[in-house]
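Hi everyone, thanks for coming along. I'd like to walk you through some ring contacts and helix packing, so let's get the structure up on the screen.

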Amino acid sequence: MSEFTVDNSLVRLGAPYSQACLPTSVPAPQWIAFNTELAAQLALPKHYWQTDTGLALFSGNNLPDWVQSAAHAYAGHQFGHFVPQLGDGRALLLAEVLDETGQRFDIQLKGAGRTPFSRRGDGRAPLGPVLREYLVSEAMHALGVPTTRALAAVLTGDWLQRDTAEPGAIITRVAKSHIRIGSFQYIAEHGDIEQLKTFADYVINRHYPHCAASNTPYLALLESVVEAQANLIAKWMSLGFIHGVMNTDNMSIAGETIDYGPCAFMDSFNPAQVFSFIDKQGRYAWGNQPRIGSWNLARLTECLLPLINPQQELAVAEATAVLQKFSTLNETAFLQLMAAKIGLQQATAADEVLIRDYLHLMSEDKADFTLAFRLLSQSVSDINVGAAQLFGDKQAWQSWAERWQLRLAEQAINATEVQQQMDSTNPAVIARNHQIANAIEQATAQGDLTLFNRLHKALATPFTLAKANADLGLAPNAEQCIANTFCGT
């Protein structure tokens, strides 16, 4: 194992970027899960690996000398309404760790008690949201989606009053950083130009060092974040994933998926699907995610304008030109990802129609998003098997499938190779809502982590599914469908 290397660069920036804060001790911590693969990547010393010493660290009860805990300050637009001060209300940055490649990662406790930004909250996290975030973030990583990751989860030994009394828990998550669009909004709202410049320079140095060599480094920063977000949202869309609360305080500057609240993978395909209980207008629906991504980036752009050019009109013109690249980048990335899902090695403009027509077919028949693509590989040689079973309108299916097979034939690749490529692109198992809900129910009501552990193991290899776990790949029946998920704050 390489050397464990720790830094605290964000904390060294001091106010107003973060505030020092200690976690609140908990009465009786117990292990839920520990990620040995991630711990090894971070070179975390083994005396923290599912030991009493590790339990004391990841519950916040006993912090080692290398920890300088702090809460990060940020603002944000929540469902379109600006809140000038939010911040880490139930999260604490412990330290930054440099892995063996020199990549820097935050280690953060979530649910560790009150912070200067908790407002009226208790700073705690119930068990359910901790289990959900652990499963979904690790599933996203296995699917190749940039994401925060779960290093550890522990029970606290106390109970939290939400709608009902629920066990308390803490998740330790790892990210390239927890800096958000809202972080820039906070500085722009509360700071001055020098503080904004200091923060922008810090982000460039940490995440996009190539921008420092540019004649226009802050414009280059914006362009880098635009590209990262465009690609990230395309990956979400290609998996039927809905973030749920794409507020500006939930959008990472590093282009990672962050803050898994009312997130979910769709079952039946519906472009207007939402999962947040309070998203009555469909602001964060599956099909709206690119538009909201662009809207959020416009808010980042507003913050950076004074740094991009001292002449506001020129700054607006230069930044607008960069911001307008988002749609093309996102659409191009989405097209390539979706083309691969239907077995095409290189998408053409004409393939967009073929893909959109399949999505329309899925929408009309309410086909399961994941199965509609996973089973499609079985239809490569025979359109009467595989995905055919998902469509009631057999004529519409056959019409599309014949067009699709003609397009596949143009590639001069044998059917077996196409099927293998599709099965390595389309997951056999995802973090299904009803399975997660069952795992949470069993863990909360009975203290039983059996299903949680089964799901965690199966989701680590999403493109293969053992026969013993075949039930985890099934779509829910009507009684099992879940309309809303919750963030648990």
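Searching the whole structure turns up 25 aromatic pairs. A pair here means rings of Phe, Tyr or Trp (for Trp, its six-membered ring) with centres within 6.5 Å; planes under 30 degrees apart are stacked, over 60 edge-to-face, and the rest tilted. A word on the source: this is a predicted model, where local features need pLDDT of at least 70 and side-chain atom pairs count only at pLDDT 80 or more, while totals for chains, interfaces and linings use all residues. Residues are numbered from 1 along each chain as its sequence is written, and side-chain values use heavy atoms, with hydrogens and water left out.

Let's take one pair. The ring centres of Phe79 and Tyr284 are 5.0 Å apart with planes at 50 degrees, so this pair is tilted. Phe79 sits in the loop between β5 (76-78) and β6 (81-83), and Tyr284 in the loop between β13 (264-265) and α8 (289-308), so the pair ties together parts 205 residues apart in sequence. Helices (H or I, at least four residues) and strands (E, at least two) are DSSP runs, by the way, numbered from the N terminus.

Buried or partly exposed: which is Phe79? Partly exposed, at 22% relative accessibility, whereas Tyr284 is buried at 1%. The cut-offs are under 20% relative accessible area for buried, over 50% for exposed, and partly exposed in between, with a 1.4 Å probe and protein chains only.

There is also an aromatic cluster, whose members include Phe269, Trp286, Phe373 and Trp404. Phe373 has Lys341 over its face, 4.7 Å from the ring centre.

Now to the helices. In α7 (residues 217-238), 17 of the 22 residues are buried, so this helix is largely enclosed by the rest of the structure. After α7 comes Gly240, with a positive phi near 70 degrees.

Helix α6 (residues 193-207) packs on α7 at about 55 degrees, with the axes 11 Å apart. That makes α6 oblique to α7. Helices α10 (residues 325-341) and α11 (residues 351-365) pack at about 70 degrees, axes 10 Å apart, which makes α10 roughly perpendicular to α11. Axes are lines fitted to C-alpha atoms, for helices over the stretch in contact, and angles run from 0 to 180 degrees between N-to-C directions; under 35 is roughly parallel, over 145 roughly antiparallel, 65 to 115 roughly perpendicular, and the rest oblique.

Terms used. A charge sits over a ring if NZ of Lys or CZ of Arg is within 6 Å of the ring centre and within 35 degrees of the ring normal.
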